[in-house]
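Here's a quick tour of a protein model, with a look at its charged pairs and its pockets. Have the sequence and the 3D view open as you read.

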Amino acid sequence: MGRSQDFKKEFVTQAGYRMDESLRMVKKCLDQLPEEMLWKKPNAVTNSIGNLILHLCGNITQYGIASLHGLDDYRNRDKEFETESGYAKQELFDKLAHTVHTAKSGFLEMAEEELLKKRKVQGFEFSGIGNIVHVVEHFSYHTGQIALWTKLLNNKDLGFYDGFDLNLKNEI
C-alpha cells in the first residue's frame, strides 16, 4: 500500500471513528429521554432533537453520500425543520445509524482520486476531503446541541465518558 493509500485509509478511518462517537452520544441522549421530549423545542427559534436528527440525515446524505458518489440530490432541507412528529425514538436512531453506516462505507469505497476532486454542494465547492470534514464537524456540532438539550431537559450529566480517566496526560 502506497503512502497516499495509507493516508486515505487513515483519514477515512478517523472520520468514521468520529462519526461513530457522535452516533454513540446521540444514542445515549435518546436513551435518557421519553418519547414526548423528542419533538419539544426550547423556543421558537431552536430545533427539536427530532428535527436535528432528520437534519443530520439530510446533511450526511447530501454531502457524504450523494455528492461524493455522483448520485442525485433529493434533499428537502426545509422539511427537516418543519417536521413536528411522525418518527419514534428508535426510528430516528435507526435512520441516523443507517445514514452514518452508508456514508462511512462509501468513504472506504471511494477511489483515492475522489478525495481531491472538487464538487459543488449547496452552492459551495469542496474536495472530497472537504465534504468528509464537513460531515464530521457538522455531525459533531449538532450532537453537541442534542447533548445540551438533553442535559437541560434532564438536569443531569450524560455520562458520555463513564469509565474513562479523562485526566490522563499525553504520552510522547
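## Salt bridges

K27 and D31 pair up in a salt bridge, with their closest N and O atoms 2.9 Å apart (the term means a side-chain nitrogen of Lys or Arg within 4 Å of a carboxyl oxygen of Asp or Glu). Both K27 and D31 sit in helix α1, four residues apart, or about one turn of the helix. K27 is partly exposed at 27% relative accessibility, while D31 is exposed at 51%. Here buried means under 20% relative accessible area, exposed means over 50%, and partly exposed is in between, using a 1.4 Å probe and protein chains only.

Before going on, note that this is a predicted model, where local features need pLDDT of at least 70, side-chain atom pairs count only at pLDDT 80 or more, and totals for chains, interfaces and linings use all residues. Residues are numbered from 1 along each chain as its sequence is written, and side-chain values use heavy atoms, leaving out hydrogens and water.

The structure has five salt bridges. Another one joins R24 and E21 at 3.0 Å, N to O; these two also lie in helix α1 (residues 3–31), three residues apart. R24 is partly exposed at 29%, but E21 is buried at 13%. R119 bridges to E114 at 2.7 Å between the closest N and O atoms, and R119 is buried, with 9% relative accessibility.

## The largest pocket

About 400 Å³ of space lies in the largest pocket. A pocket here is an open set of points on a 1 Å grid over the protein atoms alone, where a 1.4 Å probe fits, with protein on both sides within 12 Å along at least five of seven lines; lining residues have an atom within 4 Å of a point. The volume is the space filled by probe spheres set on the points, which are joined across faces, edges and corners.

Its lining has 19 residues, with L54, C57, G58, E80 and K95 nearest the centre. Helix α2 gives the most, six residues. (Helices are DSSP runs of H or I, at least four residues, numbered from the N terminus.)

## The second largest pocket

This one holds about 150 Å³ of space. Which helix gives the most to its lining? Helix α5 (residues 128–154) does, with four residues. The lining includes P42, Q145 and W149.
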